[in-house]
Amino acid sequence: MFATALSCALQGLAGIPITVEADIAAGLPGFTIVGLTDRAIQEARERVRAAVRNAGFEFPARRLTVNLAPAEVPKEGTAYDLAIALAVLRCAGRDISLRDTAVLGELALDATLRPVTGVLPMARSLRAAGVRRLVVPLANAAEAAMVEDLEVVAAPSLPACVYHLDGSRPLPPAPPGDAEATAEDDGVDLGSVRGHIHAKRALEIAAGGGHNLLMLGPPGSGKTMLARALASLLPDLTPDESLEVSAIWSLRGALHERPPATLRPPFRAPHHSISRAGLVGGGSGYAQPGEISLASRGVLFLDELCEFPRPLLEALRQPLEERSITVGRARGSVTYPAAFTLVGAANPCPCGYLGDETRRCHCGLRELQRYQSRVSGPVRDRIDLVVPVPRQSYDVLFPDRALDEPAEPVRNRVGAARARQVQRNRDLLDRERTRTGRRRRRTAALVTTAGTTPPRPSSHVNADLDGVLLLAACDPTPAATRLLSIAGDRLQLSARAFHRVLRVARTIADLSGNDRVDEASLGEALRYRGETAR
Amino acid sequence: MRPLKDRVGHAGEAAALAFVRGKGMEVLARDWRSPLGQIDIVAEDGDTLVLIEVKARRGTGFGLPEEAVDGRKRQKLRTLMQLYQASSRRQKQPCRIDVLGLILDDKLQVTRTEHIENAVQDE
């Protein structure tokens, strides 16, 4: 006798449909599970046996063999429990319909269904493979329902699942999560930040063009608050981007912190004691996505940037360039998206008061140099904006007037600027592609399997512009060109510095609604260079 | 008079047979012997072939009777099952191994029975 049920394995963000086969043979009763399983799946024997009995069904006292096919794909985790139980029950003669249906979930000994991680990426892949219906534990229903064209049913227990599938007590389909729902910590409203006109302008530019930003200032000057305010300035994610972000969070089992359907970009602020694997991804065994992937499409805030060990910051180089991170493993590598906006906050020097108006810095020169060299050249070069965040006077912090400029108009400007640049940059990209016949390097790639469509290249924000495209996008006015030439001479700008200035200028022009980069935009951009602290 | 341990075993077997029949099982063989060993009771429970190992004790001083079935014994029982199935051409029949523990009092009357179904499974 032979029966099957469909479940899913994960390799990175790509799901692989797994057929759970059950067979009854002659011989003494026994229960064996094969198919490159890990310990958790072997332990499923105990869970499934107890759950089936406690659900009121008879566990066949026969020689049972369960195979998770394809057998050469390594499998781990407890998500297969439900499929194994159903396959065994079908094998024992129960009439359960599983046409075009897949099931996921861990079984408790009392037959209730427990949630598992990674349901969203699994659901996407299953749908792409032709599955029309998916049964999941209650807590996983919201994320699974985000996948279009997939009927998701939330089952609280094994018997509920069986009675649904045999038609005797069907369950209703689960609704997708609320897109309006936002995480509890919604960040800081820009209007509640006092003063810091200069820094707020920098935030607007950073949000407008997706630029990385470094804030320098004495302790307690408001850098953290500003970083959180930046996250709230970023425009909403597209539904596709939201799905991508939620898939990564699902993999980390972090969706309880973030409603799956929310369109707000993520904000992550790891402490500087974080491990390398925690930051970029990895870990022993299964390669988990790191903070940079959780922050993809949002903000990665590194407070106390100079406290981060240098090797850790170095690990950011690939993702800052490629907008993705590849984690190598003995059995093949996994690539996760890492299209984050980096926001760094640092003191200008170890004591924190370099450049302060009233207090004097008492750091030695050697100390100062060592401190500033923590952030290496290549990482530094990827930061388009450097802005001082000085101590504010009492009058600024506690003024008579109400709030400063509220966030709404700023957000609107940012949104408009983004819309313009995405359109323009995409046009330029298409034109170049047809001209050269080459495809530009794909960014932010997800591991794909047959059936899942690869994502569009990472958003065409100004921060990603380079080389020829950058110049074409800027199309500087004659006055701007002159200024650029003079500045290049006077300030001894490197090629990278030129690019940085141009990218920022392009965003400033977009914020002002100009097609061409003019002198004013370029002039302002030059102020954000911030080579070294004086 | 036979030695006490023999009399205990004998009383146990009689009680075991009564118990098994009382449970609705049909006894196919008792004290089935083979070169490898012997099976206390072979019975049929519905469509399942059941090999029953009987362990009778006087008092629980030396542990519960069921606990006397150690690893070596279990392996032997598995092999005996295969032998019986082969010799009676019942290889395809669903089967299981039960352990029947009996506690006897001084008068060799049964005071407790513990019937463990499916006590020994496939390795």
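Here is a short chat about the cores, strands and chain contact of a predicted model.

Colleague: What should I keep in mind about numbering and confidence?

Modeller: Residues count from 1 along each chain as its sequence is written, and chains are lettered from A, with ligands numbered from 1, in the order in which they are written. The model is predicted, and local features need pLDDT of at least 70, side-chain atom pairs count only at pLDDT 80 or more, while totals for chains, interfaces and linings use all residues.

Colleague: What makes α2(A) mostly covered?

Modeller: A residue is buried if 20 or more other C-beta atoms lie within 10 Å of its own, exposed if 12 or fewer, and partly exposed in between, with C-beta atoms placed from the backbone. In α2(A), 11 of its 11 residues are buried, so the helix is mostly covered. Among them are A:D81, A:R90 and A:C91. Just after α2(A), A:G93 has a positive phi of about 115 degrees.

Colleague: What is meant by a nonpolar core?

Modeller: That's a set of buried Ala, Val, Leu, Ile, Met, Phe, Trp, Tyr and Cys residues joined through C-beta atoms within 7 Å. The largest one has 147 residues, and A:A85, A:A87, A:V88, A:L230 and A:L385 touch the most other members. Helix α2 of chain A gives the most, with 9 residues.

Colleague: How do you know where this core lies relative to domain 1 and domain 2 of chain A?

Modeller: Domain 1 (2-165) and domain 2 (190-407) both give residues to the core, so it lies between them. The domain bounds come from an automatic or database domain assignment. Apart from this core lies another, of 23 residues, including B:L49 and B:I97.

Colleague: What makes β1 and β2 of chain B a pair?

Modeller: Two strands pair if DSSP finds at least two bridges between them. β1(B) and β2(B) have 7 bridges and run antiparallel, so they qualify. B:V27 stands opposite B:A43, and the hairpin between the strands goes through 2 residues. β2(B) also pairs with β3(B), antiparallel over 5 bridges; there, B:E44 has B:L49 as its bridge partner.

Colleague: How many residues does each chain bring to the contact?

Modeller: Residues are in contact if their C-beta atoms, placed from the backbone, lie within 7 Å. The contact takes 8 residues from chain A and 11 residues from chain B.

Notes
Contact = placed C-beta atoms within 7 Å. Helix = DSSP H or I, 4+ residues; strand = E, 2+ residues; numbered from the N terminus.
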